[in-house]
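Me: I am new to this structure and would like to learn how to read it. Could you guide me through it, feature by feature?

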Amino acid sequence: MMRPRGQWVADGAVLIFPGAGLTAGAYRAALRGIDQSASPPVLLAHSMGAFAAVEHLRRHPDNVAGLVLCDPSVELTATAVSIPADEPPILAVAATTATSFTPWAWASRLRADLADYPRWAARRATAAHHWPLPARPITVLSAAWSGATPWDRRWLSHQQRLVEDLRAEHPWGTAGVHHQQIIPCGHNMMWWRPAAIRAAVHEIRERC
């Protein structure tokens, strides 16, 4: 089971997910911790947290071992926006206490965060325009209940589009971006299938 440990989680991974509710100042402090670590961490990002994780990888490739994107949000057609050079990604590194992982605490903060979803999606387009994707391993874990329902098929199709988009840009091509469907699994993958996430983090470490 992956447990929060301050700004860190087990296995040398840093978790990024929407609803963390940390300030920009707290996020900068977490990034300084990443920069000062003896071994670059794997960034483990859930849902909209994938926007921030990929942006951070683009902007600070030497400080990241790789990415594990857990059922990431997919916005491939968003319009780019302006990003100040010194502004960190707008989602926060989580979590400072175990209570941050409780569904009710996460959902409460997420309701407020969803209002900024279009801006987060636009930042994805902007980051791709300004900073190339570096040669770091990426794993995308896509969740579905059965893979057979119309909703499951539509969601997995969107996930595959994201994977193909990343592979087209990645210096290693298809070898740089692994894709795994986790079935059955709900969107909140860190609660439903923590063992699968842990295995993905270990696999990223082996590819580094």
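Reply: Let us begin with the surface. In this predicted model, the accessible surface of the protein chain comes to about 9600 Å², and 56% of that area belongs to carbon and sulfur atoms. Of the 208 residues in the chain, 48% count as buried.

Me: How many helices and strands does the protein chain have?

Reply: The chain holds 7 helices and 8 strands. As for contacts between residues at least 6 apart in sequence, 81% of them join residues at least 24 apart.

Me: Which residues of strand β5 lie on one side, and which on the other?

Reply: The general idea comes first. In a regular strand, side chains alternate between the two faces of the sheet. In β5, Gly-66, Val-68 and Cys-70 lie on one side, while Leu-67 and Leu-69 lie on the other, and all of these are buried.

Me: In which sense do β4 and β5 pair, parallel or antiparallel?

Reply: One reads this from the bridges between the strands. Strand β4, residues 42–46, pairs with β5 in the parallel sense over 5 bridges. Within this pairing, Ala-45 stands opposite Leu-69. The pairing of β5 with β7, residues 138–143, is parallel too, over 4 bridges; there, Leu-67 has Ile-138 as its bridge partner. Strand β7 is also joined to β8 by 6 bridges, and these two run parallel. Ile-138 stands opposite Val-177 in β8.

Me: Which residues of α5 are buried?

Reply: For a helix, one asks where the buried residues point around the axis. In α5 the buried residues are Asp-152, Trp-155, Leu-156, Gln-159, Leu-162, Val-163 and Leu-166. Seen down the helix axis, the buried residues of α5 fall within an arc of 110 degrees, so they line one face of the helix. Pro-150 and Ala-168, on the other side, are exposed. The cover over the buried residues of α5 includes β5, α4, β7 and β8. As to length, α5 has 20 residues and reaches 29 Å from its first C-alpha to its last, close to the expected 28 Å.

Me: Is Gln-180 buried, partly exposed or exposed?

Reply: Here a cut-off is needed: buried means under 20% relative accessible area, and exposed means over 50%. Gln-180, in strand β8, has a relative accessible area of 40% and is therefore partly exposed. Beyond its neighbours within four places in sequence, Gln-180 is in contact with Val-140, Leu-141 and Ser-142.

Me: Which residues have a positive phi although they are not glycines?

Reply: Among them are Ser-47, with a phi of about 55 degrees, and Asp-71, with a phi of about 45 degrees. Ser-47 lies in the loop between β4 and α2 and counts as buried at 8% relative accessibility. Asp-71 lies in the loop between β5 and β6 and is buried, with a relative accessible area of 2%.

Me: Where is the cis peptide bond that has an omega of about -5 degrees?

Reply: That bond joins Ile-183 and Pro-184. Pro-184 is found in the loop between β8 and α6.

Notes: Residues are numbered from 1 along each chain as its sequence is written. This is a predicted model: local features need pLDDT of at least 70, side-chain atom pairs count only at pLDDT 80 or more; totals for chains, interfaces and linings use all residues. Side-chain values use heavy atoms; hydrogens and water are left out. Buried means under 20% relative accessible area, exposed over 50%, partly exposed in between (1.4 Å probe, protein chains only). Two strands pair if DSSP finds at least two bridges between them. Contact means heavy atoms within 4.5 Å. Accessible areas come from the Shrake-Rupley method with a 1.4 Å probe; for residues, only the protein chains shown count as cover. The expected span of a helix is 1.5 Å times one less than its number of residues. The arc is that of the directions from the helix axis to the C-beta atoms.
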